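Welcome, and thanks for taking a look. Please open the model in your viewer and keep it beside you while you read.

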Amino acid sequence: MDSAAPRPVVLLIDDQKDLRTLFRSLLEEEGFEVEVAANGEAGLAILRKGVVPKLILVDVLMPGMGGEEFIRVSLKEKLIKKDQTQLICFSSLDRESPQIQSILKWVDACEQKPWGAEAFLKLVHKYLRQH
């Protein structure tokens with residue numbers, strides 16, 4: 001990445017600490033500015049501070065405020081600007097599950113959780129290129 005250009009911000013919301021730590025390191029090595037949150041409430045707090053991510057990656061199933069509620073509240077409060085931010089949900093649930101189907105209208109995509117580092121980075125670059 002060009003060091004003179006501002007670093008794109010990625011917001012990663014996932015309740016699994018080991019994944020947040022791994023994915024944060026990978027993203028920072030790729031030159032991204034990274035914000036992480038353990039649940040939807042923490043993700044909303046980051047957005048309410050005025051952070052405008054290029055990409056939000058949010059797990060659907062989390063204790064407390066899960067991904068679905070995070071998405072609904074952040075869009076209702078206009079914390080996400082769809083012309084500036086790609087919103088991608090992650091889940092181990094099948095794409096056909098009712099919970100996933102109910103949020104597809106609000107997100108740019110819903111992907112199976114990428115457990116490997118290479119798959120995760122490919123996914124991030126794929127969606128950032130599209131935006």
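## A strand in the interior

Let's begin inside this predicted model. Strand β3 covers residues 55-59, and because five of its five residues are buried, the strand is largely enclosed by the rest of the structure. Its side chains point two ways: Leu-55, Leu-57 and Asp-59 face one way from β3, while Ile-56 and Val-58 face the other, and all are buried.

Which strands pair with β3? One is β1 (residues 9-13), which pairs with β3 in the parallel sense over four bridges. Another is β4, which runs parallel to β3 and is joined to it by five bridges. Here, Val-58 has Cys-89 of β4 as its bridge partner.

## The whole sheet

Five strands form an open sheet with parallel pairing, and their order is β2-β1-β3-β4-β5. At the edges stand β2 (33-37) and β5; each has a single partner strand, so one side of each is left without a neighbour in the sheet. On average, neighbouring strands of this sheet are turned by 20° against each other, with direction ignored.

## Helices against the strands

Helix α1 (residues 17-29) lies across β1 and β2, and runs at about 170° to β2. Helix α3 lies across β1, β3 and β4, at about 140° to β3. Together, β3, α3 and β4 make a β-α-β unit, and this unit is right-handed.

Which residues of α3 are buried? They are Gly-67, Glu-68, Phe-70, Ile-71, Val-73 and Ser-74. The elements that cover these buried residues of α3 include the strands β1, β3 and β4 as well as the helices α2 (40-48) and α4 (98-103).

## Where α3 ends

Is Lys-76 buried or exposed? This residue belongs to helix α3, which spans residues 67-76. Since exposed means over 50% relative accessible area, Lys-76 counts as exposed because its relative accessibility is 72%. For a sense of distance, Lys-76 and Ile-100 are 24 residues apart in sequence, and their C-alpha atoms are 19 Å apart in space.

Just after α3, Lys-78 takes a positive phi of about 60°.

## The disulfide

How many disulfides does the structure hold? There is one, and it joins Cys-89 to Cys-110 with an S to S distance of 2.4 Å. The pair links distant parts of the chain: Cys-89 sits in strand β4 (residues 86-91) and Cys-110 in strand β5 (residues 109-112), 21 residues apart.

The link of Cys-89 and Cys-110 is left-handed, with -130° about the S-S bond. Both cysteines, Cys-89 and Cys-110, are buried. Cys-89 also brings us back to the strand where we began, as the bridge partner of Val-58.

Terms used:
Residues are numbered from 1 along each chain as its sequence is written. This is a predicted model: local features need pLDDT of at least 70, side-chain atom pairs count only at pLDDT 80 or more; totals for chains, interfaces and linings use all residues. Side-chain values use heavy atoms; hydrogens and water are left out. A disulfide is a pair of cysteine sulfur atoms within 2.5 Å. Helices (H or I, at least four residues) and strands (E, at least two) are DSSP runs, numbered from the N terminus. Buried means under 20% relative accessible area, exposed over 50%, partly exposed in between (1.4 Å probe, protein chains only). Two strands pair if DSSP finds at least two bridges between them. A crossover is right-handed if, with the strands pointing away from the viewer, the path from the first strand over the helix to the second runs clockwise. Axes are lines fitted to C-alpha atoms, for helices over the stretch in contact, and angles run from 0 to 180 degrees between N-to-C directions. Contact means heavy atoms within 4.5 Å.
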